Amino acid sequence: DVRAVVTGIGSCLPPDVVTNDDLSRVLDTTHDWIFSRTGIAERRAVRPGTSTGDLGTAAGAAALESAGRRDCDLVLLATTTPDQRCPATAPQIAARLGLAGVPAFDLSAVCSGFVYGLSVAGAMIGAGSYESVLLIGAETYSTIVDPADRGTAVLFGDGAAAVVLERGLPGTPGELLHVELGSDGAGADLIAIPGGGSRAPHLAADSAARYFRMDGREVYAQAVAAMTRSARSVAEAVGWRTEQIDAFVGHQANARILRAVGRRLGLAEERVVCRLAEVGNTAGASIPLALAQAAADDRLSKGDRVLMTAFGGGLTWGSAAMVW
Ligand code: ACO
């Protein structure tokens, strides 16, 4: 019986910090509004010229080092902000990590990308196709948000994090137990970059259609319900009562969403990992980044029941259960 086991984790944040006060100087907003509505105090932003691939390469190198490995058999990148529309960014990351020759591809599921990636990596390892997978979540939302839209510009931050999964035996620490995914394209317009794809390929340089936009209020309501449902379903599938979850690592979009889902799952507040204050919403990077930060702070102990739950553009959602 072959299982996928997480054997390493690493992350990379760009050095430049953007505080709520910095944003309130250029937008009609305040630190109090942003912090009380979202839990975000600051976020990171790349400088022009730094790409998602740069952050993803650094996070991938850190994860490989943490796993004590130089190589792996497959590289997956979950991102909404690839370096270019074509080709994918993952092969370039692989080459920069000295892994030219291994298969590598991008995976597009917006904020659920990392959990989608866990499903793919787990299935590939379980089927015996690959023995080790480097799964990276990396984003540079500063390159796609409209700097004049206070409804989105205050929410997102840049960053990357990665895990290494390897073939292992049931019961090994780090074991990925179960993943469930879902989607509903009827909600595609709620979180979107409307232009630049095949439906509207040619954009004027000043077109608002090139920016990311989101119906925050509607997404909020759907996120709480879908995340709670998905988390419950995966907990049940692995035989956990939801109150037994030691660390709930939900997609870091909004502290109020995380608290609301935590309450519905019957979790004490300290079991809900919330790292929004320093990094904001990093989309596909948010779950591995929160996991990496929790691990670095010794917030996780061997044997802890970890439940990761995502919700985002697509609409997409999913949950993964693992034992730390
Ligand atoms: N500063 C001050 N006022 C603001 C700001 C701001 N930055 N942004 C919006 N407002 C105003 C609005 O204009 C509105 O004013 P009005 O009442 O006069 O119209 C008022 O504040 C309330 O706006 P709401 O949108 O109702 O505020 P809400 O409490 O819902 O918070 C937020 C907005 C933070 C976006 C919230 O809805 C949210 O977190 N939504 C979910 C986001 C999410 O989970 N996304 C999914 C993942 S992201 C992805 O997939 C890429």
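**Exercise 1.** Start from Arg305, which stands opposite Val323 in β13, and describe the sheet around this pair.

*Solution.* The model is predicted: local features need pLDDT of at least 70, side-chain atom pairs count only at pLDDT 80 or more, and totals for chains, interfaces and linings use all residues. Residues are numbered from 1 along each chain as its sequence is written.

Step 1. Strands here are DSSP runs (E, at least two residues) and helices are H or I runs of at least four, numbered from the N terminus. Strands β12 (residues 305–312) and β13 (residues 316–323) run antiparallel, joined by eight bridges. Two strands pair if DSSP finds at least two bridges between them.

Step 2. The order in this open sheet of four strands is β8-β13-β12-β11, and the pairing is mixed. Its edge strands, β8 (176–183) and β11 (247–250), each pair on one side only.

**Exercise 2.** Which residues does UniProt list for "active site", and where do Cys111 and His251 lie?

*Solution.* Step 1. The unreviewed UniProt entry lists Cys111, His251 and Asn281; such annotations may be inferred rather than shown by experiment. They are spread over 171 residues of sequence, yet cluster in space, with a largest C-alpha distance of 9.1 Å.

Step 2. Cys111 is in the loop between β5 (104–107) and α5 (113–126), and His251 is in the loop between β11 and α8 (255–264).

**Exercise 3.** Is Cys111 buried or exposed?

*Solution.* Step 1. A residue is buried if 20 or more other C-beta atoms, placed from the backbone, lie within 10 Å of its own, exposed if 12 or fewer, and partly exposed in between.

Step 2. Cys111 has 31 other C-beta atoms within 10 Å, so Cys111 is buried.
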